[in-house]
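Below is a briefing on one protein model, grouped by topic. Please look over the sequence and the structure before reading the notes.

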Amino acid sequence: MKYLAGGEERRQFRAAGIAMFASWCALVLWRIAVYFMNIESELASDAAFTLPVQLVFLLLTPFLIYRFGLKMSTKEVLEFSNVRKCRVTVLLLSLPLGFCVYIATIGVSTVWQSVLMLLGYNHSYSSTVYPEKFNFFMFLASLILTAVLPAICEEFSVRGGLLTVIGRGRRRESAVIIMGVFFGLFHQNVTQVFYTALFGMLMAYIAYGQKSILPCMIVHFINNGTGVYLDYAEAYGWWGNNFYDWINLQLERNPLALLMLYFIVIAVGAVILYVMREITRPKEEKTPAHPPEPSAPKVNVNPFDDAGFDPFGRADTEPFGRAKLDPFAVSAIDPFDGKELPSSAPPFAPPSAHTAGETAFKPELRDKAFYIGAIVLSVLTTLFSFFWGLF
């Protein structure tokens, strides 16, 4: 494929764009197809939509594009997609962080729904019909469709190779914002676009800090899985069955206390993020205890050095008597976090070795074509969902 010709970074950037465009186009087309299928069972309708979208469009499609379009091995695809080992402590901390994120999402979603209502959006609510007797297999299917598959497939697709190429040559903050916007538009639904964008920023931040999407998968699973559990708890009287009723009651009786509790949960989540970051922060090398040996006295010191010129015109020095700097020297400092780059920088780090005469890859309009197409498609679909209530 001629479009995937060129340097390695260009090829990878274009391949991620193709995967993004193909997945998002397929998502729209399949959503329309399922809409006209008129499947009576809600669980069956969810399965008909979710299984192809998650397994085929978001997992298999990018994997095959990277595997054969870039001629990578399976191991290289996983590395390129940020599927790496992570500290067990970080994975364990991701569990409570997922619950904090769920609570935060409720608040953000509630505010966003209120904004949409002020703008004239008509919400269409649909309540799931549960059988009178608890069905474990139905609960398991709901958990897999809503929590397990999105946690794996969406993280692989959005925070995988896409994050790798978007993060190159950009500040971490810029890349995190871009990835959040991508994830919000990916849902192609006006009711989800805002809080999923914030969620996407958080997941991108975690992936940057941990150099892995495994913690993101856990947070994503807990966030979605908690919603599934609470729905079943309300239907069958499990522990926590009055969770939403309690929130609505507090909003009427004591909104200030509820707001304080909300921010406490967010603060706990922020502390967990900080601890996760500190756990993976490399320890700074300690300075030697003994003082450095005095240097030998200088010979033929230029007395005019501090004045800013060299009257002797030595060719081996710059003005001010300083050594010449190599304009092509590469900094060993990672601009994302100010740390020294390791010998093998992660894929989403900026290029760390450019010889004289070479420049870092900067995407041109042709390189961004598939990204632009995917964004335009998702913006239009999101607007359609607002004006006509589609999807």
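A charge is taken to sit over a ring if NZ of Lys or CZ of Arg is within 6 Å of the ring centre and within 35 degrees of the ring normal. By that rule, the charged end of R14 sits over the ring of Y3, at 4.4 Å from its centre, and R159 lies over the face of F183, 4.2 Å from the ring centre.

The model is predicted: local features need pLDDT of at least 70, side-chain atom pairs count only at pLDDT 80 or more, and totals for chains, interfaces and linings use all residues. Residues are numbered from 1 along each chain as its sequence is written, and side-chain values use heavy atoms, with hydrogens and water left out.

**Overall make-up**

- The protein has 11 helices and zero strands, where helices (H or I, at least four residues) and strands (E, at least two) are DSSP runs numbered from the N terminus.
- Of its 391 residues, 39% count as buried; buried means under 20% relative accessible area, exposed over 50%, and partly exposed in between, with a 1.4 Å probe and protein chains only.
- Contact means heavy atoms within 4.5 Å. Among contacts between residues at least 6 apart in sequence, 73% join residues at least 24 apart.

**Nonpolar cores**

- A nonpolar core is a set of buried Ala, Val, Leu, Ile, Met, Phe, Trp, Tyr and Cys residues joined through side-chain atoms within 4.5 Å.
- The largest such core has 62 residues, and those with the most contacts inside it are Y66, L162, I166, I206 and Y371.
- Helix α1 (residues 8–35) gives the most to this core, namely nine residues.
- A second, separate core has seven residues, including L143, A147, V228 and Y236.
- Not counting residues up to four places away in sequence, L162 touches A16, M20, Y66, S157, M179, F182 and Y371.

- A cavity is defined on a 1 Å grid over the protein atoms alone, as a set of points where a 1.4 Å probe fits but cannot get out; lining residues have an atom within 4 Å of a point.
- Grid points are joined across faces, edges and corners, and a volume is the space filled by probe spheres set on the points.
- The count comes to two cavities of 30 Å³ or more, and about 60 Å³ of space lies in the largest cavity.
- Which residues line the largest cavity? The lining consists of A16, A19, M20, S23, W24, P62, Y66, S157, V158 and L162.
- Helices α1, α2 (42–69) and α5 each supply at least two residues of that lining, and α1 has the largest share, with five residues.
- One of the lining residues, S157, is found in helix α5 (residues 136–167).
- S157 has 11% relative accessibility and so counts as buried.
- Leaving aside neighbours within four places in sequence, S157 is in contact with L58 and L162.

**Aromatic pairs**

- Rings of Phe, Tyr and Trp (its six-membered ring) pair if their centres lie within 6.5 Å; planes under 30 degrees apart count as stacked, over 60 as edge-to-face and the rest as tilted.
- The structure holds 28 aromatic pairs.
- The ring centres of W24 and F186 are 6.1 Å apart and the planes are at 50°, so this pair is tilted.
- W24 lies in helix α1 and F186 in helix α6 (residues 172–186), so the pair ties together parts that are 162 residues apart in sequence.
- W24 counts as buried at 2% relative accessibility, and F186 counts as buried at 3%.
- The rings of W112 and F194 have centres 5.1 Å apart and planes at 25°, so that pair is stacked.
- W112 belongs to helix α4 (residues 88–118) and F194 to helix α7 (residues 193–210), so the pair ties together parts 82 residues apart in sequence.
- W112 is buried at 18% relative accessibility, whereas F194 is partly exposed at 37%.
- Ring pairs also link Y130, F134, F139, Y229, Y232, Y236 and W238 into a cluster.

**Loop residues**

- N38, in the loop between α1 and α2, has a positive phi of about 55° although it is not a glycine.
- N38 counts as exposed, at 64% relative accessibility.
- N82, in the loop between α3 (74–80) and α4, has a positive phi of about 65° and is not a glycine.
- N82 counts as buried, at 0% relative accessibility.
- T128 lies in the loop between α4 and α5 and is partly exposed, with a relative accessible area of 34%.
- T128 and D231 are 103 residues apart in sequence and 8.8 Å apart in space, C-alpha to C-alpha.

Methods. On a 1 Å grid over the protein atoms alone, a cavity is a set of points where a 1.4 Å probe fits but cannot get out, and a pocket is an open set with protein on both sides within 12 Å along at least five of seven lines; lining residues have an atom within 4 Å of a point.
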